[in-house]
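Reader: Hey, I've got a structure to go through for class. Can you walk me through it?

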Amino acid sequence: MITSKQYKALKIVAEKADKRGTIRASEFALSMWGSDITKEHLFNSVSNQGDGACSRKKAWRCAGGYLGRLNKAGLVKRVGYCFYISQKGKEAILEYEKGGKQ
């Protein structure tokens, strides 16, 4: 059984998969936390990268870690830097929607 946060994440990945097949961590971060005022610090921080500064890196890294945990659980699959929903992920969404909500 998946949690409500995992359900939200899987729905985001599944929605992108319907449109173009895969999603990158940066797109996932915007969809997952972009409108959440409590997560604003992820998008406002700046990281020095040697040749210059990189904004929003915390959001990308956090999203990549989250997607990595979903990948380890078999709910999403990874190809290079892109992720897509697995069959196990699709089944988990359906099970959650049927009434097994936590």
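Predicted model: local features only at pLDDT ≥ 70, side-chain atom pairs only at ≥ 80, totals over all residues.

Reader: Okay. And what does Lys11 touch?

Author: Not counting residues up to four places away in sequence, Lys11 touches Ile93 and Glu97. Contact here means heavy atoms within 4.5 Å.

Reader: How many residues apart are Lys11 and Ile85 in sequence?

Author: They are 74 residues apart in sequence, and 8.9 Å apart in space, C-alpha to C-alpha.

Reader: Is Lys11 buried, exposed or partly exposed?

Author: Lys11 is partly exposed, because its relative accessible area is 35%. Buried means under 20% relative accessible area, exposed over 50%, and partly exposed in between (1.4 Å probe, protein chains only).

Reader: New topic: which residues have the most contacts inside the largest nonpolar core?

Author: Those are Leu10, Phe28, Trp33 and Leu70, in a core of 26 residues. A nonpolar core is a set of buried Ala, Val, Leu, Ile, Met, Phe, Trp, Tyr and Cys residues joined through side-chain atoms within 4.5 Å.

Reader: Which element gives the most to this core?

Author: Helix 1, with 6 residues.

Reader: And what is Phe28 in contact with?

Author: Leaving aside neighbours within four places in sequence, Phe28 contacts Ala9, Ile12, Val13, Ile23, Trp33, Ala63, Tyr66 and Leu67.

Reader: Which residues are buried in helix 2?

Author: Ala25, Phe28, Ala29, Met32 and Trp33 are buried there. They lie on the same side of helix 2, because they cover an arc of only 105 degrees around the axis. That arc is taken from the directions from the helix axis to the C-beta atoms.

Reader: What about cysteines, how many disulfides does the structure hold?

Author: It holds 0 disulfides, a disulfide being a pair of cysteine sulfur atoms within 2.5 Å. Cys62 counts as partly exposed, because its relative accessibility is 33%. Cys82 counts as buried, at 18% relative accessibility.

Reader: Last one: where is Ser86 found?

Author: Ser86 is in the loop between strand 5 and helix 5. At 5% relative accessibility, Ser86 counts as buried.

Technical notes: Residues numbered from 1 in each chain as written. Heavy atoms only, no water. Helix = DSSP H or I, 4+ residues; strand = E, 2+ residues; numbered from the N terminus.
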